[in-house]
Amino acid sequence: MKYALHRVGFKRIGWLVCLLILVSGCGLKYSLSGAATTAKTIQVDLFYNNTDLGPANLGQNFTNKLKDYYQRNSSLKVVQENGELLIEGTIVQYAVAPLAPVAGTSAAQPSQAALTRLTIGVKANYVDTKVPKNSFKDKTFSFYADFPNDQNLISIQESLENKIFDQIFLDIFNATLANW
């Protein structure tokens, strides 16, 4: 009886050792977000605002929130310089356009839009020093948010930008770390 228990204990330990070897053997870091990289640091340089309509602080806000996104969703440490991964770019589009036209009720009242669309576009460069084939240059990411025409853009601008940024961050994260 003691021999049988002793043998079962060795089997469990053997399986545990095999499992540990399999999990740690590949040398990649995995997070719950699906990121896979051996890098430990990322450098996020300032995204410059190269738009005519965008607020003056748009580039700084985007950059700071992108850094926060990488810190929250990966095990990477954001560093000021010499990161194993590097991302930088330019905000190239900040456009407000009418959407969903509605016919006016009379000749004196012209047609107008029921919705307005805010679109933000970013061009990014990514350098992966660990796996250079994952690097890219001038890749464009953009997204939009619609709002009713009876709302003033200034009063809802920050919430729209945050909604758009969230999707762009997800797209950038997937293109850089998830390799999608």
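1. In strand β7, I120 has F143 as its bridge partner. Strands here are DSSP runs of E with at least two residues, helices are runs of H or I with at least four residues, and both are numbered from the N terminus. The model is predicted: local features need pLDDT of at least 70 and side-chain atom pairs count only at pLDDT 80 or more, whereas totals for chains, interfaces and linings use all residues. Residues are numbered from 1 along each chain as its sequence is written, and side-chain values use heavy atoms, with hydrogens and water left out.

2. Strand β6 (residues 112–128) runs antiparallel to β7, and 11 bridges join the two. Two strands are taken to pair if DSSP finds at least two bridges between them. Y126 stands opposite F136 of β7.

3. The open sheet comprises 5 strands in the order β4-β3-β5-β6-β7, with mixed pairing. β4 (77–79) and β7 (136–148) are the edge strands, each having a single partner strand, so one side of each has no neighbour in the sheet. On average, neighbouring strands of this sheet are turned by 35 degrees against each other, direction ignored.

4. Within the sheet, β5 and β6 are antiparallel and pair over 16 bridges. A97 has R117 in β6 as its bridge partner, and E88 is bridged to N125 of β6. β3 and β5, by contrast, run parallel and are joined by 6 bridges; V44 stands opposite I87 in β5.

5. Helix α2 (residues 58–73) and helix α3 (residues 153–176) pack with their axes 10 Å apart, at an angle of about 55 degrees. Axes are lines fitted to C-alpha atoms, for helices over the stretch in contact, and angles run from 0 to 180 degrees between N-to-C directions. The two helices α2 and α3 are therefore oblique to each other; this class holds the angles left over when those under 35 degrees count as roughly parallel, over 145 as roughly antiparallel and 65 to 115 as roughly perpendicular.

6. The crossing of α2 and α3 is right-handed, that is, the near helix is turned clockwise from the far one by less than a right angle. The contact (heavy atoms within 4.5 Å) includes L58, F62 and L66 of α2, together with F165, I168 and F169 among the residues of α3. The residues of this contact comprise 11 nonpolar, 3 polar and 2 charged. Ala, Val, Leu, Ile, Met, Phe, Trp, Tyr, Cys and Pro count as nonpolar, Asp, Glu, Lys and Arg as charged, and the others, Gly among them, as polar.

7. The count of salt bridges comes to 2, a salt bridge being a side-chain nitrogen of Lys or Arg within 4 Å of a carboxyl oxygen of Asp or Glu. The side chains of E84 and K130 form a salt bridge, with an N to O distance of 3.2 Å. This pair links distant parts of the chain, 46 residues apart: E84 lies in the loop between β4 and β5, and K130 in the loop between β6 and β7.
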